[in-house]
Amino acid sequence: CIDCHKGIAHKMPDLSGGYRKAYDGLVSMAADQDGDGDVLYPITTIAYYLDAETAKAGSDGAGQVLAATALTVLDRADDAIKVRIDGWQQDEVARIIYALRGHRIFEATLKKETIDAETRLATETDPDTDLVWHEVSLEAWLQGGQVVNDVDKIWDYSAEMYTANCAICHSKPDPGHHLANQWIGVLKSMERFVALDKEQTRVLQKYLQLRAKDTGGAALHE
């Protein structure tokens with residue numbers, strides 16, 4: 001309130017305890033599950049690797065996969081897990097994989113030297129923008145300590161964070177009030193009014209984008 005309405009002589013209440021506790025629960029869940037499950041979801045941005053030995057060593061990754069991205073488990077080798085990342089790339093933007101065609105909902109990033117590791121499955125043109133998009137998949141290896149098999153727990157954490165940060169100065173807008181791509185700018189404009197770090201903002205942005213006016217709850221990955 002002090003930032004939005006100058007002159008108020010009180011401090012905002014700290015409502016971060018709820019979502020911080022929820023995140024601690026995710027950390028504990030990830031440790032307990034240790035990568036168990038057929039579909040896994042990172043609780044934060046993590047590195048991925050192109051072979052099991054590199055994943056076990058935890059050296060420089062081939063790229064990053066963002067929180068709440070669906071990872072289909074293909075194989076396991078001791079502490080390393082082989083997964084498949086499915087998504088979309090905009091033509092000539094080869095270093096980012098998005099969740100949906102036409103929507104900039106970040107799933108994973110690739111380094112220049114690892115772009116050739118992905119497989120292109122199909123090509124479509126977005127009728128609304130005439131932009132060309134490629135459906136792709138990427139097989140990668142990762143460690144199991146920061147993934148869970150229940151994405152709803154990540155969304156519970158995100159919802160708690162949304163309420164704690166976006167419902168104090170004003171009523172929080174319904175996620176469906178904006179288009180998925182619009183949520184990027186909306187959150188950017190609010191950065192100075194909230195106490196979220198970059199990683200928390202990424203998770204919250206994805207939560208809102210997947211419930212936006214033009215995605216209709218695709219976050220459920222049903």
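Reply: Before we start, a residue is called buried under 20% relative accessible area, exposed over 50%, and partly exposed in between. Please keep in mind that this is a predicted model.

Me: Ok, so is Arg 202 buried, exposed or partly exposed?
Reply: Arg 202 counts as partly exposed, because its relative accessibility is 40%.

Me: And which side chain does Arg 202 meet in a salt bridge?
Reply: Its partner is Glu 199, with 2.8 Å from N to O, and because the two are three residues apart in helix α5 (residues 198-209), about one helical turn separates them. Glu 199 itself is buried, at a relative accessible area of 18%.

Me: How many salt bridges are there in total?
Reply: The count comes to seven salt bridges. One of them joins Lys 82 and Glu 139, whose closest N and O atoms are 3.3 Å apart, and this pair links distant parts of the chain, since Lys 82 sits in strand β5 and Glu 139 in strand β9, 57 residues apart.

Me: Switching to strands, then: how does β5 pair with β9?
Reply: β5 and β9 (residues 132-143) run antiparallel and are paired over 11 bridges, with Gly 87 standing opposite Val 136 in β9. β5 is also joined to β4 (residues 71-77), again antiparallel, by six bridges.

Me: What sits between β4 and β5?
Reply: The two strands form a hairpin with two residues between them, and Asp 78 in the turn has a positive phi of about 55 degrees. Asp 78 is also linked with Glu 53 and Lys 56 in a network of salt bridges.

Me: Why is β5 described as largely enclosed?
Reply: Eight of the 11 residues of β5 (residues 80-90) are buried, so the rest of the structure largely encloses this strand.

Notes: Residues numbered from 1 in each chain as written. Predicted model: local features only at pLDDT ≥ 70, side-chain atom pairs only at ≥ 80, totals over all residues. Heavy atoms only, no water. Buried < 20%, exposed > 50% of the residue type's maximum accessible area, 1.4 Å probe, protein only. Helix = DSSP H or I, 4+ residues; strand = E, 2+ residues; numbered from the N terminus. Pairing = 2+ DSSP bridges. Salt bridge = Lys/Arg side-chain N within 4 Å of Asp/Glu carboxyl O.
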